[in-house]
Every structure is written in structure tokens, then in C-alpha cells.
Amino acid sequence: WHGCCMTIAFGFCMSIGVFFPRYLKSFWWWFPMHILIQISGVLLAITGFVVIFIKADGAHLAYTHSWFGLITVGLALATPLLGTMAHFMWNATRSRIPIFPDQLHCLCFFSSCCSV
């Protein structure tokens, strides 16, 4: 179950969730779909993490894969938090994209996908 949850979370939900803001901003429904799919991906990632944590029988963080998994889930949790901050701190008159939280939101997402 761990592998299935993580594959669906990062291979499908996170990838499709990024497609909406990148290519479908001309439609009114892009943002609700982006939120729905990204949150589904985060919940699946948490589920996969909990499943393997329970099945590990005391061998938590004993392998490199475990550490990468912990970092990946941490970044996956930071991404929607930064996205929420970016949404509420958005300013239509800004001259450029701010590093915090907008660019950091993207960086966390791409880092979590690269560590998979």
C-alpha cells in the first residue's frame, strides 16, 4: 500500500495538479481543481508514510530511502502551506514574483518531486 499511495500521490495527483495553474488559468475552475488534486496528493502521501511507518517494526529511518521519504513528505506538507500563504498574500500590483512565498512554493514542489 505504501508504494501505491506514493505513486498515485506524486506520479498522478501532484503532476496533474501542477498542470492546472500552468496551462488552464484562463478557466475559472483551475484554482479549485488545483487545490482538490494537490490536497488529495498530500493526503495520499501522508497515508503512504503512515502505512510504512506502522509496517517498519522499529526500523524507522534505518535506510537512505527512509530519509529521502521523510524529506519528501516534509516538502509535500510545506508545499500547500506555502501555496496558501501565496494565495492570501497575492498582490495584483506587484512588479515581480516574490521569493517568499511564491517561488519557495514552487521550489518545495519541484524538490519533493525530484527526491522521489
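So, the crossing of α1 and α3 is left-handed, and by that I mean the near helix is turned anticlockwise from the far one by less than a right angle; clockwise would be right-handed. Those two helices pack at an angle of about 45 degrees, with their axes 13 Å apart. An axis here is a line fitted to C-alpha atoms, for helices over the stretch in contact, and angles run from 0 to 180 degrees between N-to-C directions. α1 and α3 are therefore oblique to each other. On the labels: under 35 degrees is roughly parallel, over 145 roughly antiparallel, 65 to 115 roughly perpendicular, and the rest oblique.

Quick word on what you're looking at. It's a predicted model, where local features need pLDDT of at least 70, side-chain atom pairs count only at pLDDT 80 or more, and totals for chains, interfaces and linings use all residues. Residues are numbered from 1 along each chain as its sequence is written, and side-chain values use heavy atoms, with hydrogens and water left out.

The overall layout, then. The protein chain has 4 helices and 0 strands, running α-α-α-α from the N terminus. Helices (H or I, at least four residues) and strands (E, at least two) are DSSP runs, numbered from the N terminus. Of the chain's 116 residues, 27% count as buried, meaning under 20% relative accessible area; exposed is over 50%, and partly exposed is in between, with a 1.4 Å probe and protein chains only.

Back to the packing. Helix α1, residues 2-23, meets helix α2, residues 30-55, at about 160 degrees, with the axes 8 Å apart. They are therefore roughly antiparallel, and α1 passes α2 in a left-handed crossing. What sort of residues make the contact of α1 with α2? They divide into 20 nonpolar, 8 polar and no charged. For the record, Ala, Val, Leu, Ile, Met, Phe, Trp, Tyr, Cys and Pro count as nonpolar, Asp, Glu, Lys and Arg as charged, and the others, Gly among them, as polar.

Next pair: the axes of α2 and α3 come within 10 Å and cross at roughly 155 degrees. That makes α2 roughly antiparallel to α3, and their crossing is left-handed.

Thr 84 counts as partly exposed because its relative accessibility is 42%. Its C-alpha is 9.5 Å from that of Ile 35, 49 residues apart along the chain.

Last, the second largest pocket. Its volume is about 440 Å³, which is the space filled by probe spheres set on grid points, joined across faces, edges and corners. On a 1 Å grid over the protein atoms alone, a pocket is an open set of points with protein on both sides within 12 Å along at least five of seven lines, and lining residues have an atom within 4 Å of a point. Of the 21 lining residues, those closest to the centre are His 2, Ile 52, His 65, Ser 66 and Gly 69. α1, α2 and α3 (64-88) each give two or more residues, and α3 gives the largest share, 7 residues.

Methods. On a 1 Å grid over the protein atoms alone, a cavity is a set of points where a 1.4 Å probe fits but cannot get out, and a pocket is an open set with protein on both sides within 12 Å along at least five of seven lines; lining residues have an atom within 4 Å of a point.
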